[in-house]
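Colleague: Thanks for sitting down with me. Could you take me through this model and tell me what stands behind the words you use for it?

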Amino acid sequence: MTDGSESTEGVRLQKALANAGVASRRVAEQLIVEGRVRVNGAVVTELGSRVDPETDLVDVDGTAVQFDQSKRYVMLNKPTGVVSSMKDDRGRPDLRRFTKDWDERLYNVGRLDAETSGLLVLTNDGELAHVLAHPSFGVTKVYIAKVDGRVTPQTIQRLLRGVDLEDGPISADKARLLSSSAKGGGSLVELTLHSGRNRIVRRMMAEVGHPVVELVRRQFGPLHLGTLPAGRTRELTKVERGALLTLSRQAAGQQED
């Protein structure tokens, strides 16, 4: 970041914020004066301050600002029967049908197995994709599982304590029983996990004696599926993009420490 006159390299901070869609230039100036804007971790209150949008990291009220407009972030409610791949070598329905409306080459962040529906992120931001997908960064996912049998509070406690699977022990970060039928109608369980292991929810529930009948991912990090219908996509909102970029920058900071 540099300070100086109009001839100085870079873009005035308030103009950069306005160009990024954060606020009008006048409101952006107010945000700066109020000390709500940071550049590379330092609060900036001078209206003459300049930034390089390609290298400087700017946040407002702790939420990262996206300057790179070439990056795309798309939410998909993946339907069942679709594999989490851009091209399936077995000819099964894949994700290409959901990316054809964007000029950028989008890729899926992580995977959902073919029988699982729900929230999948599509992006061309490789750095962010790494943070979201890698279990070491602890990004949580929330699933709703319809399972066979009547799940008891004791079973929920067992999921929280942990179960032993063939590839090692695993425990839920959170677990709660949403509904349970005494008449054989099955149960609904909400599980929160940060594990990236293959088919982990299905294997956990099978281990405690309640095989999964239906499974949907409702949340991925700060993103919520909401009312997005199955098979539909939408670009992330400015707030959602900011939340993801904040997460990515925090992870990068942890790696440097």
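Modeller: Let me begin with helix H4 (residues 126-133), where Leu 128, Ala 129, Val 131 and Leu 132 are buried. Seen down the axis of H4, the buried residues fall within an arc of 165°, so they line one face of the helix. Please keep in mind that this is a predicted model.

Colleague: Which exposed residues does H4 carry on the face turned away from its buried side?

Modeller: Those are Gly 126 and Glu 127. Exposed is the word for a relative accessible area over 50%, while buried is kept for values under 20%.

Colleague: What makes you say that the buried residues of H5 line one face of the helix?

Modeller: The buried residues of helix H5 (residues 153-161) are Thr 155, Ile 156 and Leu 159. Viewed along the axis of H5, they stay within an arc of 105°, and therefore they line one face. Pro 153, Gln 154 and Arg 161 are exposed on the other side of H5.

Colleague: What covers the buried residues of H5?

Modeller: The cover includes S14, S15 and helix H6 (200-207). Just after H5 comes Gly 162, with a positive phi of about 120°.

**An enclosed strand**

Colleague: Why is strand S8 called largely enclosed by the rest of the structure?

Modeller: Buried means under 20% relative accessible area. In S8 (residues 73-78), 6 of the 6 residues are buried, so the strand is largely enclosed by the rest of the structure.

Colleague: How do you know that both faces of S8 are covered?

Modeller: Take the sides in turn: Tyr 73, Met 75 and Asn 77 are buried on one, and Val 74, Leu 76 and Lys 78 are buried on the other.

Colleague: What makes S8 and S10 a pair?

Modeller: Pairing asks for at least two bridges between the strands. S8 and strand S10 (residues 117-123) are joined by 6 bridges and run antiparallel, so by that rule they pair. Lys 78 stands opposite Gly 118 in S10.

Colleague: And how many bridges are there between S8 and S18?

Modeller: There are 3, and S8 and strand S18 (residues 233-235) pair in the antiparallel sense. Here Leu 76 stands opposite Thr 233 in S18.

**Sheet edges and a hairpin**

Colleague: Why do you place S4 and S7 at the edges of their sheet?

Modeller: The sheet is open, with 4 strands in the order S4-S3-S6-S7 and antiparallel pairing. Strand S4 (42-43) and strand S7 (63-64) each have a single partner strand, so one side of each is left without a neighbour in the sheet.

Colleague: What makes S6 and S7 count as paired?

Modeller: The rule is at least two bridges, and strand S6 (residues 58-60) has 2 bridges with S7, in the antiparallel sense. Val 60 stands opposite Thr 63 in S7.

Colleague: Which residue takes a positive phi in the hairpin of S14 and S15?

Modeller: That is Gly 184, with phi near 85°, in a hairpin that has 6 residues between the strands. Strand S14 (residues 174-180) and strand S15 (residues 187-193) pair antiparallel over 6 bridges, with Leu 177 opposite Val 189 in S15.

Colleague: What makes Arg 199 partly exposed?

Modeller: Its relative accessibility is 35%, so Arg 199 gets that label too. The residue lies in the loop between S15 and H6, and its phi is near 50°, a positive value in a residue other than glycine.

**The whole protein**

Colleague: To finish, how many helices and strands does the protein have?

Modeller: The protein has 7 helices and 18 strands, and its C-alpha trace spans about 75 × 40 × 30 Å along the principal axes. Of the 257 residues, 44% are buried.

Conventions: Residues are numbered from 1 along each chain as its sequence is written. This is a predicted model: local features need pLDDT of at least 70, side-chain atom pairs count only at pLDDT 80 or more; totals for chains, interfaces and linings use all residues. Side-chain values use heavy atoms; hydrogens and water are left out. Buried means under 20% relative accessible area, exposed over 50%, partly exposed in between (1.4 Å probe, protein chains only). The arc is that of the directions from the helix axis to the C-beta atoms. Contact means heavy atoms within 4.5 Å.
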